[in-house]
Amino acid sequence: MEPGRVAGEAAADTQGGKFGATCAEEELNVLQELSELPVETVGKRPTCSRCSRPQKVCLCPFLPVHPLNVSTCLYIVQHPAEGSRVLRTVPLLAACLPADKCKVFVGRRFSEDRHPELAAVCQSLSTLILYPGPEAKNLEELELDSSLSPYNIIIIDGTWSQAKGMFYGNSLFRFPKQVILRPLRALCSFQLQHGAQIHHSKEHLIKNGLYAKSMPKNKRKLNRMERLVNNVKV
């Protein structure tokens with residue numbers, strides 16, 4: 001190999017190394033400068049202490065000025081995911097009722113050991129649970145025993161799938177009598193008229209031959225879907 005060529009390559013390597021070191025040093029300087037920039041803290045929007053919504057979109061002007069005088073006590077069992085929703089209805093409901101008439105329990109599973117108050121309410125004859133189903137009675141047509149008054153009503157707060165999992169996953173909720181409100185149908189109709197989309201359950205889709213996905217090959221999953229079609233609790 002020619003001596004001149006070797007010397008040229010060595011010089012090029014030296015220049016390249018110096019250039020790379022210079023770039024690395026400049027990058028470090030830039031990072032150092034960026035790290036020294038003051039961090040702007042973004043404060044949370046002021047929240048209304050009554051309805052728990054941002055003050056700019058506070059709904060308190062549309063709520064009763066004073067708590068409603070009711071004898072019934074509402075026990076709301078709320079799925080943990082509901083607390084992060086944009087429009088939370090539970091704080092609005094709690095803002096309309098006396099503090100001792102609206103109690104909220106957050107969680108998926110409730111036991112007698114961890115929730116003695118809720119367990120005692122579930123086992124009381126004066127307690128009803130608001131949940132649709134073949135055993136549910138229309139609350140407006142239900143004959144209530146005046147000797148058991150005042151009544152308690154348990155409400156499950158969550159999506160349909162979350163509410164179903166909470167209802168069937170907690171044995172405490174078997175004790176109260178199941179009821180449903182007729183206005184629920186009117187509310188669903190109103191929502192559909194204003195852009196809401198119909199979402200059928202998996203049971204409905206399978207029964208009516210509308211289930212687009214292929215049936216599972218796993219026997220356990222297939223048996224589960226058969227139980228859904230036959231209205232067996234899963």
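**Close-up views of a sheet, its helices and its cores**

**View 1. Glutamine 78 meets its partner in strand S2.** The bridge partner of glutamine 78 in S2 is valine 106. This is a predicted model, so please read each view with that in mind. S1 and S2 pair in the parallel sense, and five bridges join them.

**View 2. Six strands make up an open sheet.** Reading across, the order is S2-S1-S5-S3-S6-S4, with parallel pairing. At the edges stand S2 and strand S4 (137–138). Each has a single partner strand, so one side of each is left without a neighbour in the sheet.

**View 3. Helix H2 lies across S1, S2 and S5.** H2 runs at about 165 degrees to S1. Spanning residues 89–96, this helix has Val90, Pro91, Leu92, Ala95 and Cys96 as its buried residues. These buried residues of H2 pack against S1, strand S2 (102–106) and S5.

**View 4. Helix H4 packs on the sheet.** You can follow the buried residues of H4 here: Gln162, Ala163, Met166 and Phe167. They sit on the same side of H4, because they cover an arc of only 130 degrees around the axis. Trp160 and Ser161, on the other side of H4, are exposed. In general, an α-helix has 3.6 residues a turn, so residues three or four places apart point the same way. The strands that the buried residues of H4 pack against are S1, S3, S5 and S6.

**View 5. The largest nonpolar core has 18 residues.** Tyr75, Val77, Phe110, Leu118, Ile156 and Phe173 touch the most other members. Two or more residues each come from strand S1 (73–78), helix H3 (116–122), strand S5 (152–157) and helix H4 (160–169). H3 gives the largest share of this core, four residues. Apart from this core lies another, of seven residues, including Cys51, Cys60, Leu63 and Ala95. As a general rule, nonpolar side chains tend to be buried together in soluble globular proteins.

**View 6. Tyrosine 75 and its contacts.** Here is a closer look at one of the core residues that touch the most other members.

Notes:
Residues are numbered from 1 along each chain as its sequence is written. This is a predicted model: local features need pLDDT of at least 70, side-chain atom pairs count only at pLDDT 80 or more; totals for chains, interfaces and linings use all residues. Side-chain values use heavy atoms; hydrogens and water are left out. A nonpolar core is a set of buried Ala, Val, Leu, Ile, Met, Phe, Trp, Tyr and Cys residues joined through side-chain atoms within 4.5 Å. Buried means under 20% relative accessible area, exposed over 50%, partly exposed in between (1.4 Å probe, protein chains only). Contact means heavy atoms within 4.5 Å. Two strands pair if DSSP finds at least two bridges between them. Axes are lines fitted to C-alpha atoms, for helices over the stretch in contact, and angles run from 0 to 180 degrees between N-to-C directions. The arc is that of the directions from the helix axis to the C-beta atoms.
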